[in-house]
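Student: Please take a close look at the aromatic rings in this structure. I am new to it.

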Amino acid sequence: MSTLLVIHHTPSPYCQEMFEAVIAGATDPEIEGVDVVRRAALSVTASDVLGADGYVLGSPANLGYVSGALKHAFDTFYYPCLDSTSGRPFGLYLHGNEGTEGAERAVDSITAGLGWVKATPHVVVSGKPTKDLIEECWNLGATVAAGLMDA
Ligand SMILES: Cc1cc2nc3c(=O)[nH]c(=O)nc-3n(C[C@H](O)[C@H](O)[C@H](O)COP(=O)(O)O)c2cc1C
């Protein structure tokens, strides 16, 4: 059994819609042998991260960066996990209203430092998520989870 860890900060209904679509994709019945674990970014531990085989990160953009909650998560697990999680796949979804580039750049830079491998294109939504963008969130969850089958 593999484990997909979804580390998310979900402070609003639009973020919740994206989160739920990611979880729905990741837990699709056709994907077997993958346990999907969700952790609020403010509660995730280094053990959670070490115990997983792949990751989905989800956050709003705040003040030109990732949310303080996701930043706190990285601050918590970056060094404890640096030696052991390199090469693991990840996906990212972001929500913002006025510019998400800084948040995306930050995650790219931090995950590059960790040696994590981007498993699928990031999903970035501004304002109300359209049906197509919610479907992209579903695909993001499904793609990262499916990649962990038999891992
Ligand atoms: C303090 C604060 C800073 C924010 N900074 C940004 C930002 O830099 N870029 C951006 O795209 N959205 C920014 N936002 C908007 C949030 O990303 C947005 O509120 C969040 O994704 C939830 O979406 P909603 O408020 O439309 O439901 C900010 C929101 C707050 C409260």
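Tutor: Ring pairs join Tyr55, Phe74, Phe77, Phe90 and Trp116 into a cluster. Rings of Phe, Tyr and Trp (its six-membered ring) pair if their centres lie within 6.5 Å; planes under 30 degrees apart count as stacked, over 60 as edge-to-face and the rest as tilted. The model is predicted: local features need pLDDT of at least 70, side-chain atom pairs count only at pLDDT 80 or more, and totals for chains, interfaces and linings use all residues. Residues are numbered from 1 along each chain as its sequence is written, and side-chain values use heavy atoms, with hydrogens and water left out.

The structure has five aromatic pairs. One of them, Tyr55 with Trp116, is stacked, at 4.1 Å centre to centre and 10° between the planes. Tyr55 sits in strand β3, Trp116 in the loop between α4 and β6 (117-118), 61 residues apart. Helices (H or I, at least four residues) and strands (E, at least two) are DSSP runs, numbered from the N terminus. Tyr55 is buried, with a relative accessible area of 0%. Trp116 is buried too, at 6%. Buried means under 20% relative accessible area, exposed over 50%, partly exposed in between (1.4 Å probe, protein chains only).

Now the core. Among the 26 residues of the largest nonpolar core, Phe77 and Trp116 are included in those that touch the most other members. Such a core is a set of buried Ala, Val, Leu, Ile, Met, Phe, Trp, Tyr and Cys residues joined through side-chain atoms within 4.5 Å. Helix α3 (68-82) gives the most to this core, with six residues.
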